[in-house]
Amino acid sequence: YSARMRVPQNQMYRFWHAVEQRAYRLFLKTHYRCEQDFSHYAMLDKTWLARGLPKDMLACEALLNAGTLIKDDATTTVVKATLADGSAIMIKRYNVRSLTKLLKRLCRRSRAEKAWLAGIRLQELGFLTPAPLALFEQRIGFFRSESYLITEYIDGEDIGSHFAHYPAFLQSVIARQLTAWLTVMKLLHMSHGDMKATNFLWHPRGIYVLDLDACRTWACLTGHRRALLKDAKRLKKNNFT
């Protein structure tokens, strides 16, 4: 296609973005079960349903209440839970902070869906991030309110809390991996949106990237450059690069 199309760079950028989005939708139909009606929306990993993955929002809330609390603030409630087969998962509920915030997000893509989409894309490209297993949204037609995201649980060390205690060679490895991550985001036309140290876990397999709520794929070249520059500045503030 590229050899035959004489179009500006920005238009080619949008063209390949549209191609990828179409392929992505076909991928979802193959590997995930979608349930949608007037009052709810759900995406479920077919391979995890037999392992006890919650099939609706009520089951998800019950599992969240029975789990081990990791974080609970005005924006999110995060819990570690165990499925029937013993698999550890993480449930993240996105809390509604105020009526104003709710009204602003009614017609927008939810934070849970943004994290879900980014997680699937990065997983399929071979990057280390907790696998997204289920997404639940409470809806009234096209309007969204409460949402939940379920991912696999990764038992790693928070880089922000442990980096200073690592030996020099490991600090160097982590710094190189974080810089490489930023380079890859540039090639993928993506931005993370919140590259603070606590959103990275060190694991024997490498660095896992968390909290993809603000992660997005850009169809606009100018917007992507601006977002990537913001990511780079935030990464430098962590004082481990």
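I began with the hairpin: three residues link strand 1 to strand 2. I take strands (E, at least two residues) and helices (H or I, at least four) as DSSP runs, numbered from the N terminus. This is a predicted model, where local features need pLDDT of at least 70, side-chain atom pairs count only at pLDDT 80 or more, and totals for chains, interfaces and linings use all residues. Residues are numbered from 1 along each chain as its sequence is written, and side-chain values use heavy atoms, without hydrogens and water.

Strand 1 (residues 32-36) and strand 2 (residues 40-45) are antiparallel, with five bridges. Pairing requires at least two DSSP bridges between two strands. Opposite arginine 33 I found leucine 44 of strand 2.

Next, the cores. I count a nonpolar core as buried Ala, Val, Leu, Ile, Met, Phe, Trp, Tyr and Cys residues joined through side-chain atoms within 4.5 Å. The largest holds 37 residues, and Trp116, Ile174 and Phe200 have the most contacts inside it. Helix 5 is its top contributor, with seven residues. Another core, apart from that one, has 19 residues, including Leu49 and Ile150.

I then checked isoleucine 174. Beyond four places in sequence, isoleucine 174 touches Ile159, Phe163, Tyr166, Trp202 and Ile207. Contact here means heavy atoms within 4.5 Å.

Last, is threonine 76 buried or exposed? Threonine 76 counts as buried because its relative accessibility is 3%. Buried is under 20% relative accessible area, exposed over 50%, partly exposed in between (1.4 Å probe, protein chains only). Threonine 76 sits in strand 4 (residues 76-82). Leaving aside neighbours within four places in sequence, its contacts include Lys71, Tyr94 and Arg111.
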